[in-house]
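Please keep the sequence and the structure in view while reading.

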Amino acid sequence: MSIADATPVTWLYVPGDRPDRFAKACRSGADAVILDLEDAVLAPAKDAARGHVLDFLTGGAPGGPPDGPAPQLHVRVNAPDGGIGRRDLAALAGAPLLDAVRVPKVRSPEDVAAVAAALGAGTALHCLLESALGVENAAAIGAHPAVRGLALGEADLAAQMNLSGDAAFGWLRSRVVLAAAANGLPAPAMSAYVDVADEEGLRASCAAGRALGMFGRTAIHPRQVPVIRRAFTPSDGEVARSREIVAAAEDGADDGAGAVALPDGRFIDAPIVESARRTLALADRLGRTSG
């Protein structure tokens, strides 16, 4: 599986007005690099940032690290209902190295349709739900054929809903996980953890999100990339357990059995086996093969 076909685990933001950082971001080991035209760029630099990003996407972006593939290239545009956002979309239409557009402040399926029309057929969209209305419409937004992923914009949601603390986002995260699954989309990635120095806090937050069914996370600094990758890599225990389940299922298939008993007496059926196979595939992809 190529990185272009795989769901990213790590997504690294880089400001669109810092072209000196673009190549470094691509060599960071992140699965996707998000060239940011929105929050990371001050208003006076918006037009220049757009030009830098277009130059990068049309001039032949560099590859990834020596021991890994080149990352996917995404662009986060400005809010599409404003003039700057509309200029972003017009400029990006047909950009040759663009893998996806990250759309902020999506509130409805109509917002998605307008962005898809502006970009043209075939452009993958990742929708950021940053308002109560966006979260309320998550399933309908995810149903649009151009949408390849959903995510929360937790800073805006915290401000609108007066939320504080990581635990306050649990039910919102579950809501978006459900909407993504209902539409056959990948599990949503987590929002960026803004305290770059707090690696333990980042690990704990990733574990909480993973327990809710989220997968992967955006980063705002390259030092966060390996922490996030480890947090979403199956543990040795998970790998060993998954191997046991798959082996038992394969033995049971030879016997023509349906549900299969594990050595500890627990029974497994097809969904559990499929989950175990996904765990093993992910572990193989991320380099954890020990049992």
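**Terms and their grounds**

Q: What is the handedness of the crossing of helix 9 and helix 10?
A: The crossing of helix 9 and helix 10 is right-handed. A crossing is called left-handed if the near helix is turned anticlockwise from the far one by less than a right angle, and right-handed if clockwise. This is a predicted model, in which local features need pLDDT of at least 70 and side-chain atom pairs count only at pLDDT 80 or more, while totals for chains, interfaces and linings use all residues. Residues are numbered from 1 along each chain as its sequence is written, and side-chain values use heavy atoms, with hydrogens and water left out.

Q: What are the angle and the distance between the axes of helix 9 and helix 10?
A: Helix 9, residues 199-211, packs against helix 10, residues 224-231, at an angle of about 35°, and their axes are 9 Å apart. Axes are lines fitted to C-alpha atoms, for helices over the stretch in contact, and angles run from 0 to 180 degrees between N-to-C directions. The helices (H or I, at least four residues) and strands (E, at least two) are DSSP runs, numbered from the N terminus.

Q: Which residues of helix 9 and helix 10 meet?
A: Glu199, Leu202, Arg203, Cys206 and Arg210 of helix 9 meet Gln224, Val227, Ile228, Arg230 and Ala231 of helix 10. Contact means heavy atoms within 4.5 Å. By class, five of the residues in this contact are nonpolar, one is polar and four are charged. Here Ala, Val, Leu, Ile, Met, Phe, Trp, Tyr, Cys and Pro count as nonpolar, Asp, Glu, Lys and Arg as charged, and the others, Gly among them, as polar.

Q: Why is cysteine 26 called buried?
A: Its relative accessibility is 1%. Buried means under 20% relative accessible area, exposed over 50%, and partly exposed in between (1.4 Å probe, protein chains only). Cysteine 26 therefore counts as buried. Cysteine 127, at 1% relative accessibility, also counts as buried.

Q: How many disulfides does a search of the whole structure find?
A: The search finds zero disulfides. The term requires a pair of cysteine sulfur atoms within 2.5 Å.

Q: What makes a set of residues a nonpolar core, and how many residues has the largest?
A: A nonpolar core is a set of buried Ala, Val, Leu, Ile, Met, Phe, Trp, Tyr and Cys residues joined through side-chain atoms within 4.5 Å. The largest one has 65 residues, and those with the most contacts inside it are Leu35, Leu57, Val75, Leu92, Leu125 and Leu150. A second, separate core of eight residues includes Val246, Ala248, Val260 and Ile268. In soluble globular proteins, nonpolar side chains tend to be buried together.

Q: Why is asparagine 162 called exposed?
A: The relative accessible area of asparagine 162 is 72%, which is over the 50% limit, so the residue is exposed. Asparagine 162 lies in the loop between helix 7 (154-161) and helix 8 (170-182). Its phi is near 60°, a positive value in a residue other than glycine.

Q: Is phenylalanine 215 buried or exposed, and what does it touch?
A: Phenylalanine 215 has a relative accessible area of 16%, under the 20% limit, so it is buried. Not counting residues up to four places away in sequence, phenylalanine 215 touches Thr7, Pro8, Val9, Ala187, Pro188, Ala189, Phe232 and Leu282. Phenylalanine 215 and proline 188 are 27 residues apart in sequence and 5.9 Å apart in space, C-alpha to C-alpha.

Q: Why does glycine 149 count as buried?
A: Glycine 149 is at 7% relative accessibility, under 20%, and therefore counts as buried. Glycine 149 is found in strand 6, residues 147-152. Leaving aside neighbours within four places in sequence, glycine 149 is in contact with Leu125, His126, Cys127 and Leu185. The C-alpha atoms of glycine 149 and leucine 185 are separated by 6.0 Å, although the residues are 36 apart along the chain.
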